[in-house]
Amino acid sequence: EQVRKLPQPQAVHDNTKTVITALSESMDGSPSVEGAGLSRCLHILSQAKSDSEKFAALLLVTKLVKSESTSREERRAIFDAVGFTFINRLLLTKSELEGCGQHLYPSLALTMLSCFSTDPTLAVDTQMLNNIPTFLQIIQMQGLSETDADGGDTVVISMIEDCYDCLLALCREPGGRRGLLQCGGLHTLCVCVTSEYTYCLRSLDIINRLLDHISSTPPQKDQLTPQTTVVKLLTYMIDKFHQSEAAEKFQICQNMSQIIQRLDDRFCENISSEIGKKIHEICMHLLQNKLNSELREKPLCLISAMIDLVGVGWVVSPHSGVNTVHIKHLQLLINLVCVEVRMNIEDQTFTKVVSKMGLLIPCFSILENSINYLITNTEGLSLEVTQVTDFQQAMVGAIGGLLQFIATVPTTGEQAQHPVVL
């Protein structure tokens, strides 16, 4: 029924020619689609007497909405002229136009929906939310991978990119996040990453935004729990870490830390078991290598996120029990953190210290949690005198450097309001 109601090949050809002619006349005879005025396109849309005329005008409008010069007000005007009904019909219908491919209608619809999603009100409109299952289905279209995207079906690639634009806009709004989670969006996006589908890295940004709000939306019946889904994603990342070249390992490390720092107590049991042991091995392996400050930041952020989630005991005993080898891991970590704090704070300008916040914040967190852990677990750790002395000397140096820095920061003005000072 949908196909019968949509324009047929000859009608589209005839009406596209008519529309371009009308636009050419309004632009002093110039037949350039890019030069056609948006107002003229909208006028033709509003005066369209058939689906074929409306479709022909939309072909030209899509050229305009991709232009950076199109304002929010102009995009809203496009919606007022087109609406959701016709766009949704295009989205669900395969094209039968000769030489145009089956994805012509959906690709046109997705371009328009991507345009509409830039308006927060339209992004959470019921009809936009109803398209979430379709968006999730399209981003899983197989036959393309991230590595061969440049040489693949450019129409399909554009469709996937538009879907991600819509999903990102949706997850910026409470109603959109709720809709995504209720439709199994978290699981589907994780599958896109683990299956390495086209533009799958864009899924990570949306996954992180959903995890920030996961607690307020329980999964529906027959859906995997967030814990199961996240464990599968982290397991994939750990395996990918061992298969990757050196440079990519640190990016994976950063991706894992961004996910873990968003998890709450419900994930502790899942993360502190086998997954926790493997992450421990990764972090200790990286820290035992000679790394510059920029590279050390990645595993330190991951360690900080893990400690916040499961506690410092994870550093000391990722398996079970406590032994000297793992105490040395904690000793290595604290010494390294204290050195980083002193190097990036002592005798440095305020601006320089602020530029290192990405490294200093996880270092402060690790240091604070470690002090609390050592104070409350002294007897259970059975520390040797030399180890206690080593911990004390390292921490005194780091805290002394921090106090010295704070003493040099102005107590009034803009700098006094900076988070580093607080």
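This is a predicted model: local features need pLDDT of at least 70, side-chain atom pairs count only at pLDDT 80 or more; totals for chains, interfaces and linings use all residues.
User: Why is the pair of Phe79 and Phe84 called edge-to-face?

Analyst: The ring centres are 5.1 Å apart and the planes stand at 65°, so Phe79 and Phe84 make an edge-to-face pair. The rings of Phe79 and Phe116 also have centres 5.1 Å apart, with planes at 85°, so this pair is edge-to-face. Phe79 lies in helix H5 (residues 72-82) and Phe116 in helix H7 (residues 104-116), 37 residues apart. Phe79, Phe84 and Phe116 form one aromatic cluster.

User: Why is Cys166 counted as buried?

Analyst: Buried means under 20% relative accessible area, exposed over 50%, partly exposed in between (1.4 Å probe, protein chains only). Cys166 has 0% relative accessibility and therefore counts as buried. Cys200 is buried as well, at 6%.

User: How do you know that Cys166 is too far from Cys163 for a bond?

Analyst: A disulfide is a pair of cysteine sulfur atoms within 2.5 Å. The closest cysteine sulfur to that of Cys166 is in Cys163, 6.3 Å away, which is too far for a bond. For Cys200, the nearest cysteine sulfur belongs to Cys192, 7.8 Å away, and Cys200 is in no disulfide. The count by this rule is zero disulfides.

User: What do the values rest on?

Analyst: Local features need pLDDT of at least 70 and side-chain atom pairs count only at pLDDT 80 or more, while totals for chains, interfaces and linings use all residues. Residues are numbered from 1 along each chain as its sequence is written, and side-chain values use heavy atoms, with hydrogens and water left out.

How values were computed: Rings of Phe, Tyr and Trp (its six-membered ring) pair if their centres lie within 6.5 Å; planes under 30 degrees apart count as stacked, over 60 as edge-to-face and the rest as tilted. Helices (H or I, at least four residues) and strands (E, at least two) are DSSP runs, numbered from the N terminus.
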